[in-house]
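Please walk me through the strands, charged pairs and aromatic contacts of this protein.

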Amino acid sequence: MLNIRYQLTENLKKKPEKGQPLGFGKIVTDHMFMMNYTEGLGWHDPRIVPYQHISLAPTAMVFHYGQTMFEGLKAYLDEEGRVRLFRPDMNAKRAINSNRRLCIPEIPEEDFVQAVKALVKTEKDWIPTEPGTSLYIRPFVIATDEFLGVAPSKTYLFMIILSPSGAYYASGLEPVGIWIEDDYVRAVRGGMGFAKTGGNYAASLAGQVKAHNDGYSQVLWLDGVERKYIEEVGAMNIFFVIDGKVVTPMLNGSILPGITRDSVITLCKSWGLDVEERRISADELIEAQKAGRLDECFGTGTAAVISPVGKLRYKDDVMEISGGKIGRLSQKLYDTVTGIQTGKLEDPFGWSVIVE
Ligand SMILES: *Cc1c(COP(=O)(O)O)cnc(C)c1O
């Protein structure tokens, strides 16, 4: 149990107006959580303080070698006015795995969840309630040693910040166009693709810029060795419906194990659908699409929940999927996952956690 110290401000910011577009990650709340790590002392001084800038030396290791970890989850206000989180224990467990890969000391699962709950409770009034909106929660760790040598830092800062976020799509689910990148790669097995860390995103930017310049909104990455097998989208895992079966790349070390991915697999299985976690080559996809066997394609991730894909480009092939519309399964999954998250639907798996 963390003994969290509270230093609250009375100088509260103006909250967004009802109906005002919130966007994503632009607005921050009044307070944030901070906790330091010092070798020999462990994690210490957990505190909730006014949101403020932090001061670091230019030699702070995070600026040079990218020793960082982050997480992302959301809080919702249900119809009874209670605060709900979606599977926060999974974020805490994944943070431990990311930290291990990056030689960052682990944050115990219960401390991570306690810190998230404490901050969200403090900032409850910031949770937006319009359909599709939520309070985005961003926990992260940075290495703070003042040292230009390459080694794991001996000091760290763990922080949590909150951002009220709008509906991902302005008008319902909108299918996106995806670019299958066959030159750049994001991650390789043995690297840190399974960890949620800034470096993977830095590696993805050049491909993303290329895709945007061509009018595609996201990149679908291929495996880093053969550049043949489908891995995942920038910040989403990817699913296909082929011959009525739900197919998604298996977790192989270079793919981020998404919590939405896990939830979608569990739901599909509970509905009696065949789910295959396996290798899928880009060629297999093209063939399936040409033979009319590729029924749906969608991405899964906390930000968009379910993101239907209407168009896939691979080399010279541009494939239209589901007639460029939202597939039946994509819509059903979106409705079910968001229904459970907001407490509107029954929660047979105990995923939705009420913050007392
Ligand atoms: C966060 C993330 C995802 C999605 O994970 P969720 O837990 O479902 O939000 C997928 N891919 C990458 C690279 C990510 O960083």
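The model is predicted.

Start with strand 7, residues 134–143. Nine of its 10 residues are buried, so the strand is largely enclosed by the rest of the structure.

Strand 7 pairs with strand 8, residues 155–165, through 10 bridges. The two run antiparallel. Within strand 8, L157 stands opposite I142.

Strand 4, residues 68–70, also pairs with strand 7. That pairing is antiparallel and has three bridges. Here F70 faces F140 of strand 7 as its opposite residue.

Strand 5, residues 73–77, is joined to strand 7 by three bridges, again antiparallel. K74 has Y136 of strand 7 as its bridge partner.

In a regular strand, side chains alternate between the two faces of the sheet.

**Salt bridges**

Side chains of opposite charge can pair when their charged atoms come close. The structure holds 23 salt bridges. Three of them are listed here.

| Salt bridge | Closest N to O distance |
|---|---|
| R87 and D262 | 2.9 Å |
| K93 and E109 | 3.6 Å |

K18 sits in the loop between strand 1 (5–6) and strand 2 (31–38), and E130 in the loop between helix 3 (109–122) and strand 7, so the pair ties together parts that are 112 residues apart in sequence. K18 is exposed, with a relative accessible area of 68%. E130 is partly exposed at 30%.

Next comes the salt bridge of R87 with D262. R87 belongs to the loop between strand 6 and helix 2, while D262 belongs to helix 5 (residues 259–270), so this pair ties together parts that are 175 residues apart in sequence. D262 is partly exposed, at 29% relative accessibility.

K93 is partly exposed at 39%. E109 is partly exposed at 25%.

Salt bridges also join into a network, which links D78, E80, R82 and R84.

**Helix 3**

Helix 3 has 14 residues. From its first C-alpha to its last it reaches 20 Å, close to the 20 Å expected at 1.5 Å a residue. Its buried residues include D111, F112, V113, A115, V116 and L119.

**Aromatic contacts**

A pair of aromatic rings is described by the distance of the centres and the angle of the planes. The structure holds 11 aromatic pairs.

One of them is W43 with F158, an edge-to-face pair. The centres are 6.3 Å apart, with 70° between the planes. W43 is in strand 3 (residues 42–50) and F158 in strand 8, so the pair ties together parts that are 115 residues apart in sequence. W43 is buried, with a relative accessible area of 17%. F158 is buried at 0%.

Then there are the rings of F86 and W351, whose centres are 5.7 Å apart with planes at 80°, so this pair is edge-to-face. F86 is in strand 6 and W351 in the loop between helix 7 (328–341) and strand 18 (352–355), so parts that are 265 residues apart in sequence are tied together. Both F86 and W351 are buried.

Which residues form one aromatic cluster? They are F33, Y37, W43, F112, Y156 and F158.

Two arginines sit over rings. The charged end of R279 lies over the ring of Y229, 4.0 Å from its centre. The charged end of R313 lies over the ring of W179, 3.7 Å from its centre.

**Positive phi angles**

R87 has a positive phi of about 50°, although it is not a glycine. Its loop runs between strand 6 (83–86) and helix 2 (88–101).

V305 is not a glycine either, and its phi is near 65°. V305 is found in strand 16 (residues 305–314). V305 is buried, with a relative accessible area of 4%.

Notes:
Residues numbered from 1 in each chain as written. Heavy atoms only, no water. Buried < 20%, exposed > 50% of the residue type's maximum accessible area, 1.4 Å probe, protein only. Helix = DSSP H or I, 4+ residues; strand = E, 2+ residues; numbered from the N terminus. Pairing = 2+ DSSP bridges. Salt bridge = Lys/Arg side-chain N within 4 Å of Asp/Glu carboxyl O. Expected span 1.5 Å × (residues − 1). Phe/Tyr/Trp six-rings, centres within 6.5 Å; stacked < 30°, edge-to-face > 60°. Lys NZ or Arg CZ within 6 Å of the ring centre and 35° of its normal.
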